[in-house]
Amino acid sequence: MAQSQLQKVELAPFNGCYKLVGDNFTEPNKWKKINNMDEKIEKLNQYLESEEYDDFYNLGNDIVFWVDWRESDDAIIEYCEKCLKTTSLSAEMKQVSDNLELTIKYENTIYTEKIVDRDRTIISLNEIIKPKYEIRFCKVSDGSDTLAFLPLANQQWQQLMEKYGEQKINQCFEPINEDSVMFNKEYDFDFDNSDIILDLD
């Protein structure tokens with residue numbers, strides 16, 4: 001009777017997915033996708049192809065997180081973690097003298113800064129989780145008092161850009177940098193004076 005042999009099989013990153021690595025899995029046609037990211041990308045594909053608000057709204061809060069302009073800053077980190085599921089991202093706020101301080105813990109490193117506004121918190125969070133992850137501003141929510149943000153792994157952003165092009169992805173999901181203004185934008189409204197009638201009686 002032939003003796004059964006156990007074989008070591010490992011998972012290795014491959015093109016944003018994974019392939020099996022081992023003695024019997026060396027040929028390219030033997031690699032196998034792991035679908036832990038596929039559902040998220042599929043939903044994003046549906047929105048990017050239609051650019052309809054309903055398809056964006058259907059992404060769900062496990063893909064996109066929404067932030068109200070009055071949101072507690074530590075809640076922003078909680079929402080982001082719910083999307084990314086890093087198991088290593090958390091935050092807490094505390095009063096220090098006359099200031100509120102936000103402490104963000106990520107991968108055994110602690111970051112502390114004075115709370116200024118929602119923009120500053122999201123900019124800081126984005127810098128902390130890079131380069132493994134990146135948060136982008138969802139332009140479809142621009143102008144609202146509740147804004148949407150999409151956090152993805154870097155390889156997922158690359159996958160989307162390869163399919164749709166960098167320009168389209170940047171138009172739909174604006175990169176966040178040190179000078180980004182999302183909640184504190186000033187809008188100019190132009191009125192035609194000839195259309196305004198004042199009743200002074």
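This is a predicted model: local features need pLDDT of at least 70, side-chain atom pairs count only at pLDDT 80 or more; totals for chains, interfaces and linings use all residues.
Local features were considered at pLDDT of at least 70 and side-chain atom pairs only at pLDDT 80 or more, whereas totals for chains, interfaces and linings use all residues. Residues are numbered from 1 along each chain as its sequence is written, and side-chain values use heavy atoms, with hydrogens and water left out.

Helices (H or I, at least four residues) and strands (E, at least two) are DSSP runs, numbered from the N terminus. Helix 4 comprises twelve residues, 118–129, and spans 17 Å from its first C-alpha to its last, close to the 16 Å expected at 1.5 Å a residue; the expected span is 1.5 Å times one less than the number of residues. At the N-terminal end, helix 4 is capped by Asp117, a side-chain oxygen of which lies 3.2 Å from the backbone nitrogen of Asp119. Ten of the twelve residues of helix 4 are buried, a term denoting under 20% relative accessible area (1.4 Å probe, protein chains only). Among them are Arg118, Asp119, Ile122, Ile123 and Ile129.

Helix 4 also contributes two or more residues to the largest nonpolar core, as do strand 3 (65–68), helix 3 (73–84), strand 5 (99–106), strand 7 and strand 8. A nonpolar core is a set of buried Ala, Val, Leu, Ile, Met, Phe, Trp, Tyr and Cys residues joined through side-chain atoms within 4.5 Å. This core has 26 residues, and those with the most contacts inside it are Ile129, Phe149 and Met182. Leaving aside residues up to four places away in sequence, Met182 touches (heavy atoms within 4.5 Å) Asp119, Ile122, Ile123, Phe137, Leu147, Phe149 and Ile176. Another core, of 19 residues, lies apart from it and includes Ile63, Leu150, Leu160 and Phe173.

In helix 5 (residues 154–164), the buried residues are Gln156, Trp157, Leu160, Met161 and Tyr164. Viewed down the helix axis, these residues fall within an arc of 135° and therefore line one face of helix 5; the arc is that of the directions from the axis to the C-beta atoms. Their cover includes helix 1 (38–50), strand 7 (133–138), strand 8 (146–153), helix 6 (166–172) and strand 9 (173–175). After helix 5 comes Gly165, with a positive phi near 90°.

The structure contains zero disulfides, defined as pairs of cysteine sulfur atoms within 2.5 Å. For Cys83, the nearest cysteine sulfur, that of Cys80, is 6.6 Å away. Cys83 counts as buried, at 2% relative accessibility. The sulfur of Cys138 is 9.3 Å from the closest cysteine sulfur, in Cys172, which is too far for a bond. Cys138 likewise counts as buried, at 1% relative accessibility.

Notes:
Buried means under 20% relative accessible area, exposed over 50%, partly exposed in between (1.4 Å probe, protein chains only). A polar contact is a pair of N or O atoms within 3.5 Å; within protein, one must be able to donate a hydrogen and the other to accept it, and residues adjacent in sequence count only if both atoms are side-chain atoms.
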